[in-house]
Amino acid sequence: MNSSGTTPAPEQPGYVWEQFETSVPMSTYLVAFAVARFKSVDKNATARQIPYKVWARPDMIDYAQKAAEYGPAILEHFEEYFKIDYPMPKMDMIALPDFAAGAMENWGLITYREEYLLYEGSQTPAATLVRIVYIIAHELAHMWFGDLVTPEWWNDIWLNEGFASYVEYLGADKVEPGWKWMEQFVFSDLQDVLYLDSLQNSHPISVDVYNPDQIMELFDRISYAKGASIIRMMNHFLTEEVFRNGVTNYLKKFEYQNAVQDDLWKHLNDEANTMQVQLPATVKEIMDTWTLQTGYPVVKATRDGEKVTVNQTRFLLNSTTTEKPTHWYVPLNLVRSSNVAGFDSTNATVWLYPNASTVEFTLAQNDEWYIINAQQTGYYRVNYDERNWEALNKTLRESHEDIHVINRAQILDDALNLALAGHINYTIALSLTQYLGQEESYIPWATTADNLSYLRRMLETTGKYDQYRAYILSLIKDVLARGDFKFPVLEDVPPNGDYQDVTEVMYKELIWGAACQMREPRCIGNATQLFRTWRENYDESTPDKPYLNPNIKGLVYCEGVRSGEAAEWEFVYKHYNNTNYAAERTLLLAAMACTDKSWLLNKYLDMLLTPETSGIRSQDVSRAFAYIAANPAGRDEAFKFVKVNWEKLKDKYSSGLSTLTRFITPFSIFNTEYELNLLKTMKDEIEGSLGSAARAMDQTIESVMINIEWMNKNLDTVVRWLEVNGSTVGPTDPGYPNDVRLPRHLRPTEYDVKVRARMNEPGFPIDGWVTIDMVCNTPADNITLNVHDITVNNTLVQKVTGQQVEDISIVEEVFDLDRDFYILKLSKQLELNQTYRITIDYEGRLQSDLAGYYYSSYVENDETRKEGSAESQR
Ligand SMILES: [Zn+2]
């Protein structure tokens, strides 16, 4: 509330009494105070000019500008959206250096992790900015859903969280309209939770809870993401007008009071009646099938001539279940290949009923394919007959843009999960992914990468990993070969980080991430070269000075650590303690887990137990742990760590929302009987003290059982398919990358080398330039040279004709460190028998490894001398 005045406190010299005005009635969990020497960015919001401030540590206040632009605009949007004014006289948002959750919707004083509020264009990854936007929108949505109307008890918490998790995307779209928010929703929320909700150990959205551990357990993906997904489904089958009016009526009726989910259903139902929307039952009857039952259906469609018959069963990954069947009210619609305008009609044209009967659609004779669930607004999966899968596959390959981008992602996500559950053959699902080389949109790639990472995790500890690697390399090969697809540099970031379409950036980040993960030489070369120059240019007094493109920074740090030694790891850790910027620390925590040296990973684990001395913030410990456990080199150590330290972890982290579960869920990667037994033994040992991680433990054990079954049933089929369809580029390929011979299209005729070795300076720096004249033997578009351990500062390529020289521009520089290649792609073809000159301005250090430029020492008159040498045949 606003301050009503300050008076001296005579009984306490140096203190004052600050009086605040009486607040509106509110729930106790929404009250917050903050006392801090922070600074603020001050704005106003709404037509009523409500003071709107964003607070941060004084040295981070410049990073609060973006949030101060977004906040008021989103608040105004929600006033319009809910048709109810924001009732408080002010709004404050504050960035806290230590905060267990992401953010908290205290009424009028929203608290955030620094990472999720503070932004600087040249430093913040676009993906973090996306999170900042939707978290601000999420918390502001709570001002109505949660704060103005509060659930009566925690069993209805999904109403708060589901609603905020859905409308956050609408608020975000208001301030960044080019960022394809609904596409992001489908990938990040809907498809994400469909996996968790296909476990038997999932739970209904609305569940009775009696103690704090059970309440904590409710703050999971089911409440947030499934809640949001079924609200979005309702938005579409009720139509926009009915949905909005019903929600407004509900909020007005219960403002400053408590409500239960039936109250919302009633107001939506009344509005549907008023507007004469045809429904198969009341809103309550429909929605109870979604909120009171666990899981969701798979809709199976079968074509016979022009007739499509549709039925439903519960979708479970663990098919051995003998539970009694569950059914839902399922809203359906159909898009036919002869009428693709149907992708825009997302209301229900037909319903499946819980009495388990079937329904029918009619196609036209010339319909080659059909799709159920336009834009995936319904919360379910769809399986088709084989003929339709084949037709969809053909369309993806020949004209993928005929299918709506969300449905392209749906097809891939459904198919790969249907294969996982044994509903369709893996060969059908995997062959659908083959069109992706032509796919330029983010979400079909994102969902596929996510699903294929399951295969990676199953294969990475077997001898079959190379087959997986070869296939992924063949998928991304076409993308990497596109002319405009370059490794991102700092200059690519738009001023202030004002991205037109952030998904384009996320797409690039995803492809490069996959490339480096699969050890693609161009990616590794670029990333390790950048890591080295960043490290060489690092100045401890300005650790946050931008040097790398923020969107590949995480990748560069990770590759630097992975290909480096202890020194590189220590350097990243040092930067973790030097940087002042929270989002940077998150990237570094992930990078420190990239090493394949178990002793470093063990050291890292030990540091997690002593945040006071390691400098790793308590809020980040569970996240760092998850990174370590995701690395095959650290997994066993991570497991031991949890087993030995469970009581300590539980005491320290059980109060954070879903923090404790992060010490358990990483082991859902296990896929052998041996590991299953380890997990079961651990469960027996800590059974009584699992607390809010109890359900996560059961879900993890179930996942491992599914994995074991998967290995037995699918491993051979999948590996065989990958073998046939993978690229020939692999480590066993004799031509690559072991062949370090330079291409023969250029013949050097003259070298001119200048070296300056600064022998008295630490690290023995060297610098200089080299000029090489070459004659072209075969026309080509590149110059390829050997370099080893030097940094190239500047390169000039010229065409030399007698006395005349003409510059040729360089389109791209590639460092292929596996082969010590430095490849220059040129804007022009090199001409036969023509002379070219290349001049390279370089610097580096003398090495002790006797390769490239190296140093040795000798003793002369009892004095150690150092000399610089060059191993010139390289
Ligand atoms: Zn929330």
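This note covers strand pairing, surface patches and a few single residues in a predicted model.

1. Local features are reported at pLDDT of at least 70 and side-chain atom pairs only at pLDDT 80 or more, while totals for chains, interfaces and linings use all residues. Residues are numbered from 1 along each chain as its sequence is written, and side-chain values use heavy atoms, with hydrogens and water left out.

2. An open sheet holds five strands in the order β3-β4-β5-β7-β6, with mixed pairing. Its edges are β3 (39–45) and β6 (103–104); each has a single partner strand, so one side of each has no neighbour in the sheet. Strands are DSSP runs of E with at least two residues, helices are runs of H or I with at least four, and both are numbered from the N terminus. Two strands pair if DSSP finds at least two bridges between them.

3. Within that order, β4 (residues 50–56) and β5 (residues 91–96) run parallel and are joined by four bridges. Lysine 53 has aspartate 92 in β5 as its bridge partner.

4. Strand β21 (residues 790–801) pairs with β25 (residues 835–845) in the antiparallel sense, over 10 bridges. Here valine 800 is opposite threonine 835 of β25.

5. β21 also pairs with β22 (residues 804–808), again antiparallel, over five bridges. Glutamate 806 in β22 is the bridge partner of lysine 799. The two strands make a hairpin with two residues between them, and glycine 802 in the turn has a positive phi of about 60 degrees.

6. Tyr751, Val753 and Val755 make a nonpolar surface patch of about 290 Å². Patch residues have over 30% relative accessible area and no salt bridge; nonpolar side chains (Val, Leu, Ile, Met, Phe, Trp, Tyr) are joined within 5 Å and like charges within 9 Å. A salt bridge is a side-chain nitrogen of Lys or Arg within 4 Å of a carboxyl oxygen of Asp or Glu. Valine 755 belongs to β18 (residues 746–757) and is partly exposed because its relative accessibility is 40%; buried is under 20%, exposed over 50%, and partly exposed in between (1.4 Å probe, protein chains only).

7. A negative surface patch consists of Glu401, Asp402, Glu440 and Asp484. Glutamate 440 sits in the loop between α12 (426–432) and α13 (442–459). Its relative accessibility is 57%, so glutamate 440 counts as exposed.

8. Lysine 648 is in helix α23 (residues 635–653) and counts as exposed, at 52% relative accessibility. Its C-alpha atom is 54 Å from that of asparagine 388, 260 residues apart along the chain.

How values were computed
Accessible areas come from the Shrake-Rupley method with a 1.4 Å probe; for residues, only the protein chains shown count as cover. Lys and Arg count as positive and Asp and Glu as negative; His and the chain ends are not counted. The place of a charge is taken as NZ of Lys, CZ of Arg, CG of Asp or CD of Glu.
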